Amino acid sequence: MAQSRLTATSASWVLSDSPASCHVDVHFYSKCFICFSLEWMMNLLLDIVQDQTSPASLVHLAFKFLYIITKVRGYKTFLSLFPHEVADVEPVLDLVTDQNPKDHETWETRYMLLLWLSVTCLIPFDFSRLDGNLLTQPGQTRMSIMDRILQIAESYLIVSDKARDAAAVLMSRFITRPDVKRSKMAEFLDWSLCNLASSSFQTLQGVITMDGMLQALAQIFKHGKREDCLPYAATVLRCLDDCKLPESNQTLLRKLGVKLVQRLGLTFLKPRVAAWRYQRGCRSLAANLQLLAQGQSEQKPLIPTEDADEDDDVPEGVESVIEQLLVGLKDKDTVVRWSAAKGIGRMAGRLPKALADDVVGSVLDCFSFQETDKAWHGGCLALAELGRRGLLLPSRLVDVVAVILKALTYDEKRGSCSVGTNVRDAACYVCWAFARAYEPQELKPFVTAISSALVIAAVFDRDINCRRAASAAFQENVGRQGTFPHGIDILTTADYFAVGNRTNCFLVISVYIAGFPEYTQPMIDHLVTMKINHWDGLLSMTLSPDLHTRHGSILACAEVAYALYKLAAQENRPVTDHLDEQAVQGLKQIHQQVCVQPLGMGLGGELMRQAVCVLIEKLSLSKMPFQGDTIIDGWQWLINDTLGCLHLISSHSRQQIKDAAVSALATLCSEYYMKEPGEADPAIQGEWGPLEEGGARSCLSHGAGSVAPADITTSLECTSAVTHTSPEDVNFPESRRDGLKAIARICQTVGVKPGAPDEAVCRENVSQIYSALLGCMNDYTTDSRGDVGGWVRKAAMTGLMDVTLLLARSQPELIEAHICERIMCCVAQQASEKIDRFRAHAISVFLTLLHFDSPPIPHVPHRGELEKLFPRSDVASVNWNAPSQAFSRVTQLLGLPTYRYPVLLGLVVSLGGLTESTVRHSTQSLFEYMKGVQSDPQALGSFSRTLLQIFEDNLLNDRVCCSSSHPFAVKLLALCKKEIKNSKDVQKLLSAIPCDTHACAGTVHMCTQTHLWLRAPGPHCAHGSALPRFCEMVQFPGNVRRSALLQLCLLLCHRFPLIRKSTASQVYETLLTYSDVVGADVLDEVVTVLSDTAW
């Protein structure tokens, strides 16, 4: 039991000793919430800490919560809220002294106490005034407060937990006090340097010790006064050099080393603002508006002046510091490079102009192609810092912009991958910083180059972070510089979110931006130079020994040829008007030249097969004049060979290659195997034989619909065979999907013709077509990819829509009433299920069939009621992907008898889904429907019978299973018992136990208590969000209660500990909820047994 429970009505806080308290920090990741309630929460917790009667466990728990707040908000904001009066010094010091540094369970307490002690060190009184008489007894002397704090800080600087970080903060606040630094500073620095020199970063304890010493020294040289720290700076720098931290493999030590080095460098140099720095002027929007209101123009940039202290000698240690920071720019870890870059910026701000310019030159040396990507990244960070601080003068912009443009496209191969993402991202940061640092006239000569480079990075970079960084930098320049061509127009299209989709960037946004003449040529040059090598050698590059160059060149040839065809088609001209004979022959020979050597099955073979299939597709779509050419046979052979080798291709590439072969086959058939439109060449009719197994069968069935077969009956039989689910084919949902697409394509290709079953769709074969399509509406195959049967169901719905619309236009009498009813019911079921994209597609098909009026689809059940529920005006305005909008409309179909069973079947699956929004909105919509019919016993009875029928029809079906002296409740309990009988499925057993706490207020007793949770298998079952359980049935008196309690008692004796424990917990809650289940005289005893037994 919890020793203390503290509840606040505004935040619902609960402090307890239960293990659940360790999860509370999940709720504290909102800084806005913390900011508003920070002081209140702190006072609440500190009251517990300061209460002398609070047990130690509760104090430790309070400090854990304080640490959670600190972790989210940061200790610097947190410190000022600690009590820091003179009277707080000794109590806090005593609390710290009482802690055990070796207790790993209470490190949060020590961490927070050390931070609290660091605040109390800021009191403006000498510590000696708090000591009183140190002589307690003759011969015995108490330690002074100053010595106690120093001893505590030193002891915690070498511990292995986070208290070490707080000890460094404490030491920096303590040792820099005026009364302490006189007597203790030299002593502490000597102690820390000795520890630093005697420790090795090769051992764990050495790393811990060095970390504590470096943190403390860095904090001291940061917060201490320069005149106090200067006498020791050279000594600390020499000791740091002897440690050879750059050779350490510990990132944190190298970062702290760089941090300390820059603090030492700032100590060597006098604090000042460089008079020579570039100043843009007033960059405050409010100040600029105020000046404009007064009739004055915006402040002009200040002209850099000569530094009055140019002749001052620069201390010796500065050169060493700068050298170490430049080395830090090339470190292998980003945090070290970032710290070094900030150090370069801070140091340059205190140097004379000439020396600062030398530093800039040294930074530019990082941008050599002999340097690694780490040096380029560090150099970009340093340039951004220098520019942001006004230390990069306009005279240097010519050199700087040149290297930044190179950095924006930096991409180097490293084995099987490439590096440079961080470099390009940092280069975007430089451009962002320059937009804020310089006046528009300073950057005007570089606007064209920078804007083009940022646009290219925003749309063509393969990394999403770089595209978004480039978009943000472009936006900053448009807003602050105002000189980027078409800036606002481009930003509205290529904003931060739009560039997140790479396909959208390459195919949509880039085309739009290329319409602006300032960006057209740079974008084309980038594509042919950086993405597919050089355009002048594109055809010759298809034979390049470099695999990726060859692959990219073939794809580029295909896309360029097809783009030229579309351009020619707009003018009703053939594609050969834009391509000379040499180019046409070059395109035709690519396949022959590439296939001189066997393609194989390795990485090269996979890439080249996919590329050549794309080439075949695009050249066929471009209507190249190759009819009757032998190249067609070569293309057909390549496609056949690719289909036959699919089982040898790696699994991650198989689908992509298969899709390419499918598309190539379909377009090849459409363009070169057609004797007349819609009629296949008899010479190739025999090519359509029995379909092969697996992936090849999928591809052939997909391509079959592109050619009108000689015998449609045979073709339909072959493609229908593909759609049948058998144990051998269950793992090939793609073949079933493509088979359904082929059936629809064949029907559309041959059309409708009465009395010709071998030539077209007619009365004799329409039932066969509908049987194949409707049979796939129950394909719920799942594998490691999820609900792959959804692909089949989606293709089936599309095929049903296409075939039905085809028949409605030509011969609507072929659509029989029972077929139409089955179509609408199957689609309605899919419209109420849990996967958003499939549900939206189903609703689209349903509404298309309902509202089609050329002529209307015959025999649609309840057409009048449906048109009122789904008026044409609402079709386009509703987002059917959103559960909040879809379910509220779909559940209205429950009022129509024909649709009640399929819609309820789909809804119960949604009610047990994994997605919280789907579960919530489907539940809410169903309960709203039940509220509307609660006064109609006939409707409620029909609803209950339908629900039971669904349960009976899907008993022991893991996708759909629903787990009360009303006959409904009795039967439901019996079905529940049958469902879990002899089951070894822990999740199923758990889902039968918990008491669902939701209630449908306002409905009749029976339906209120019958929750329609039909589950999909998954870990959510263990949390009681699946079907109605035995605990719910306890509330119904009579036989139902006795049977439910009997089942619960049996589960308390189950062989699985998890089942026993969960049962006891849920029965405990049930007995507290329904007090009349157990007699009052034995209730306490039963509850005690349930809570105290080690189940």
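His 859 sits in the loop between helix 37 and helix 38 (helices being DSSP runs of H or I of at least four residues, numbered from the N terminus). Its phi is near 65°, a positive value in a residue other than glycine. His 859 is partly exposed, at 45% relative accessible area. Here buried means under 20% relative accessible area, exposed means over 50%, and partly exposed lies in between (1.4 Å probe, protein chains only). The model is a predicted one, in which local features need pLDDT of at least 70, side-chain atom pairs count only at pLDDT 80 or more, and totals for chains, interfaces and linings use all residues. Residues are numbered from 1 along each chain as its sequence is written, and side-chain values use heavy atoms, with hydrogens and water left out.

The loop between helix 37 (836-851) and helix 38 (863-869) also holds Pro 855. A cis peptide bond joins Ser 854 to Pro 855, with omega about -5°. A positive phi is found at Asn 572 too, near 55°. Asn 572 lies in the loop between helix 26 (547-570) and helix 27. Its relative accessibility is 72%, so Asn 572 counts as exposed.

Charged pairs were examined next. Side chains of opposite charge can pair when their charged atoms come close. The structure holds 33 salt bridges (a side-chain nitrogen of Lys or Arg within 4 Å of a carboxyl oxygen of Asp or Glu). One of them joins Glu 476 and Arg 436, with the closest N and O atoms 3.0 Å apart. Glu 476 belongs to helix 21 and Arg 436 to helix 18 (residues 421-437), so this pair ties together parts 40 residues apart in sequence. Glu 476 is buried at 15%, while Arg 436 is partly exposed at 29%.

Lys 588 and Asp 629 form another salt bridge, at 3.0 Å from N to O. Lys 588 is in helix 27 (residues 581-594), and Asp 629 is in the loop between helix 28 (603-621) and helix 29 (630-644), 41 residues away. Lys 588 is buried, at 14% relative accessibility. Asp 629 is partly exposed, at 23%.

Helix 28 and helix 29 are themselves bridged. Arg 609 and Asp 641 meet in a salt bridge of 2.9 Å, N to O. Arg 609 lies in helix 28 and Asp 641 in helix 29, so the pair connects parts 32 residues apart in sequence. Arg 609 is buried at 4%; Asp 641 is partly exposed at 24%. Elsewhere, salt bridges link Asp 411, Arg 424, Asp 461 and Arg 462 in a network.

The largest nonpolar core has 167 residues (buried Ala, Val, Leu, Ile, Met, Phe, Trp, Tyr and Cys joined through side-chain atoms within 4.5 Å). Phe 82, Phe 127, Met 171 and Phe 174 have the most contacts inside this core. Helix 20 gives the largest share, ten residues. At least three residues come from each of domain 1 (26-130 + 142-176) and domain 2 (393-531), with bounds from an automatic or database domain assignment.

Helix 20 also gives the largest share of the lining of the largest cavity, four residues. A cavity is a set of points on a 1 Å grid over the protein atoms alone where a 1.4 Å probe fits but cannot get out; lining residues have an atom within 4 Å of a point. Among the lining residues are Leu 454, Phe 474 and Ile 490. Helix 20 (447-460), helix 21 (464-480) and helix 22 (487-493) each give two or more residues to this lining.

Definitions and conventions: On a 1 Å grid over the protein atoms alone, a cavity is a set of points where a 1.4 Å probe fits but cannot get out, and a pocket is an open set with protein on both sides within 12 Å along at least five of seven lines; lining residues have an atom within 4 Å of a point.
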